[in-house]
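Please look over the notes below with the model open. They cover helix packing and nonpolar cores.

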Amino acid sequence: MSTVVAKQKEYRKWLILANVSLGTFMATLDGSITNVALPSISHALAVSLNLVQWVITAYLLTIAALLPIVGKLSDSLGRGRLYQVGFLTFVGGSIFCGLSGSIWMLIVGRIIQAAGAALLMGNSQAIVASTFSKAERGRSLGITGTVVSLGSLTGPAVGGMLVGSLGWESIFWVNVPIGLLAFLAGIWILPKEKLEQVSEPFDYTGSMLYMVGIVVFLYVLSNVQVWGWSSIWTIAGLVGAVGLLIGFYKRETSISFPMLDFSLYRIRTFRVGSLAALLSFISLFCITVMMPFYMQNVLGYSPHIVGYVMMANPLVMALVAPLSGWLSDRIGPFFLTTGGLLLNAVSFAMLTTLGAKELPWQIALHLALFGLGTGMFQSPNNASVLGAVPPIQLGRAGGLNALVRNLGMVLGTTFSVSLFSFQFHRLAGSGERFMIQGEAYSATFIAALHSVFGAAAVICLFGAFVSARRGKPVR
């Protein structure tokens, strides 16, 4: 009988992992799936591209604002409960988006979606870490890490196929049946947690300081390529945001029950792993943002070919990350995390050799090398970060880990676009694309692109240096 019970328990934990992975995939996929749909949405709703960009920006800003709050609440209200609420909220937001007849209705729907995504992303890693033993944690978190990266990196390819076949609304409607099935399965699968009788007071003042500060900060960064770094709006916004975040930090370090527990960053492994993850995602989103423009504007590839080529990265990552997680349980994270970032640095250096006549399979090989490096890094790093914190703080640690990932996406997008625009305008002289055509345009574009990839290589090297300084997990 005990053998049967053990087998059932073993089977159940893998079902929990499957359920959590599905929610995580949906949440991260919708962060990038709308990129290729923006032109279609702009045309259908008769709005400018500047306004339609808020379909993406509102989603990312909402997640960044809510993730630490979700981590705090999950430790007191229950990770599984909030995760289930996340499914329903995400499905409701998806329905709202699919029915949208105006850009403002669509943006509101994206904010609702993002609230559900924050509940899913903020609890997924903590659920997995508390379900699997320490010996299996690297492998299980390796799978969730793969799902996170797959969701983020396959968005443009999946979005292109859906929009081309079924229209822009389909990228939202596809979430509804999947989310509802996952919610129903979660009622049976997800663990039922016992809540403590005495709960900590919620820090409303700190949460407001954080939400306003981070939203203003990311909003300014997302518009800096339009306003310019010397603009009064940029300077005032950054000063105001930094002031709010400093006030938030001082408050959180002076009260008994903070919303965001900065004491976690006193743990060397958690601190080092979080910074390495931030640098990794900043560099990777230089590829996610810039490569589709390069392939379409310079090489002349169709959207379908671009989608297929971009799949090389996540496909290789999907194969490597579980193996990397399994290895990290046996040999530790040091060689895998540091080696993965070094490999990505080499890959970026190789991208600086791209020209104006590359074939699709050549680009795919470059991106596959990134999949290898990222797969080596993500799984052991996630296991190392969450394995370093006390079990009672897994919810907060998981929320912070997801926040770091989301910030890396936003910063990587802003950094790559800003640096590319600056270099392109500097090299073009006039700063206007229509003033240069043909080979001159391609040469200028490639030169600016090489600057972005060179800078991303340096970021990866710094990330490898940081990752090499991690210590052993401390319980």
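1. Axes here are lines fitted to C-alpha atoms, for helices over the stretch in contact, with angles from 0 to 180 degrees between N-to-C directions. Helices are DSSP runs (H or I, at least four residues), numbered from the N terminus. This is a predicted model: local features need pLDDT of at least 70, side-chain atom pairs count only at pLDDT 80 or more, and totals for chains, interfaces and linings use all residues. Residues are numbered from 1 along each chain as its sequence is written, and side-chain values use heavy atoms, leaving out hydrogens and water.

2. Helix α12 (residues 268-298) packs on helix α16 (residues 360-386) at about 160°. Their axes lie 10 Å apart. The two are therefore roughly antiparallel (angle over 145 degrees). Their contact holds 14 nonpolar, eight polar and no charged residues. Ala, Val, Leu, Ile, Met, Phe, Trp, Tyr, Cys and Pro count as nonpolar, Asp, Glu, Lys and Arg as charged, and the others, Gly among them, as polar.

3. Helix α15 (residues 334-351) also meets α16. Here the axes come within 8 Å and cross at roughly 160°. That makes α15 roughly antiparallel to α16. By class, this contact has 12 nonpolar, nine polar and no charged residues.

4. The largest nonpolar core has 75 residues. Such a core joins buried Ala, Val, Leu, Ile, Met, Phe, Trp, Tyr and Cys residues through side-chain atoms within 4.5 Å; buried means under 20% relative accessible area (1.4 Å probe, protein chains only). Y59, I103, L106, L218 and F270 touch the most other members. A second, separate core of 36 residues includes M290, I363, F370 and A457.

Note on methods
Buried < 20%, exposed > 50% of the residue type's maximum accessible area, 1.4 Å probe, protein only. Parallel < 35°, antiparallel > 145°, perpendicular 65-115°, else oblique.
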